[in-house]
Amino acid sequence: MDVSTIIQLIWILLFILLITGLNQRIQLKLWVFDIRTKLNTIRSLLEEDKAKTRGMLRNLGVEVPEAIIERVIEFFTIEPVEIEPVDIIKRMDHLLRTTEASVRKIVSSHLPSLGRHELSLIESSLSIVAALNIVYKVIRHYLLTGERENNFILIMQLEYLMPQVMRIAYTYHEALDSFMYGKPVGDGAGALVVYNLIERSEVKSRRVVDDTSVVEAYYKGRRLILVKAEGPGSNVGHPGAVISRIVEDLKGSINLIITIDASLKLEGEETGSISEGVGAAIGDPGPEKIAIERAATKYNIPLRALVVKMDLKEAITTMKKEIVEACERASILIERMIEELTPPNATIVIAGIGNTMGIPG
Amino acid sequence: MPLHTLQLTDFAWLVLLIIIIIYMIYDLYSRRPKRSITYTRETLVCTKCGLNVERDFEPGDFIGLVKGKCPSCGGNLKIKAIYSIEKTKK
Ligand SMILES: [Zn+2]
């Protein structure tokens, strides 16, 4: 048998594979193998993260940390009925607040002596592990389904989604470190801008309402009401509900509302670039955002927004230096906006949205 | 067909195959994101003389925390910023 016969045979074999569809079967197996390898990587990340949280809880004196971890990471919230939109915001708000309180209750019942700051870090760390756990479980579900049913299309979609999924998994894995030690994260940009403003103006009073701190200060003759989540624990507060209450208390005599938040950048945009616009810059599921919009609309108060751009990874991992610098620039821009948009003696509400971890006030 | 031309085409096929394989391996590795190590650093500012000190982050630190004394004037050092720095490892 010479070389040309072998080549001929290879061609014939390829032809048979093509017409019988066996080549797809081989492709499927290769993809399944690749996805399974990546899934195993996610599992080892998950196991590592669980071990870290176990260690953290054990150090705090919990004897059986597994009980807490399993209970919290499997915790779920059922979305409210959407085909009947009447009072959906109220129902959603109620469910979200109940979730928050329930998770806090589970953790604090095991750690009754712990302060709020540390408790919040544990809650957030557990919710990071929960997020990674969901990624793992969903990918495993589709892999097993696709494999059992020889679903070429499903496995193909999964294969091409895996790079993105892996990036998210690594992001959560890295975020856990920030949340365990209470380092400020990129999402705290809004809170940091407001903190900078508080530091730079004359503070008249401070109070905490609904996990949210409200600071009254004066800047160039204007009265500023600065709103941010109460820090330095891991906390996003209830800025919407609080702003709405402030607006009602002042019977709408507010000249301007500014919200500042971190926003997801598009691929190719620069991290830490700042944009201004109109609307409520807040990324909650709905209740907080609508509260701000309603309050502003009811009394016809201009609603301005400022966002600091970053990608998902930068938003939930330790704040990058570019973002810290962007927050400094954003504070200066806010001061300019105040001077441009309002007369002296005006009252301005400025809300820094986002997780205030590592940022006090 | 004379034998030597056949061998030439076979050889060409082989070269093409090897080039494609090398290209695919190169493509796979060049796209792999570079692993990097991140460090968390913090900047402390003296409330008296304004001296800037940079240090590694320690658990429990947060922005605004008064921590340690200024090495030059003895005033209080306050944490001004906490941020991560990335070092790409080749
Ligand atoms: Zn000093």
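## Where the chains meet

Contact here means heavy atoms within 4.5 Å. By that rule, 23 residues of chain A and 19 residues of chain B take part. This is a predicted model, where local features need pLDDT of at least 70, side-chain atom pairs count only at pLDDT 80 or more, and totals for chains, interfaces and linings use all residues. Residues are numbered from 1 along each chain as its sequence is written, chains are lettered from A in the order in which they are written, and side-chain values use heavy atoms, leaving out hydrogens and water.

About 1,600 Å² is buried between chain A and chain B, with carbon and sulfur atoms giving 65%; that's the accessible area (1.4 Å probe) that two parts lose on being put together, summed over both. On chain A's side, A:Y181, A:K183 and A:K321 supply 23% of the area buried against chain B, more than any other three residues.

## A salt bridge across

The two chains share 1 salt bridge, meaning a side-chain nitrogen of Lys or Arg within 4 Å of a carboxyl oxygen of Asp or Glu. Its partners are B:K78 and A:E199, whose closest N and O atoms sit 3.3 Å apart.

## A greasy patch

Now for the nonpolar surface patch, about 1,100 Å². Its residues have over 30% relative accessible area and no salt bridge, and nonpolar side chains (Val, Leu, Ile, Met, Phe, Trp, Tyr) are joined within 5 Å; the areas come from the Shrake-Rupley method with a 1.4 Å probe, and only the protein chains shown count as cover for residues. Among its members are A:W11, B:W13 and B:L16.

Key. Patch = residues over 30% accessible without salt bridge, like charges linked within 9 Å, V, L, I, M, F, W, Y side chains within 5 Å.
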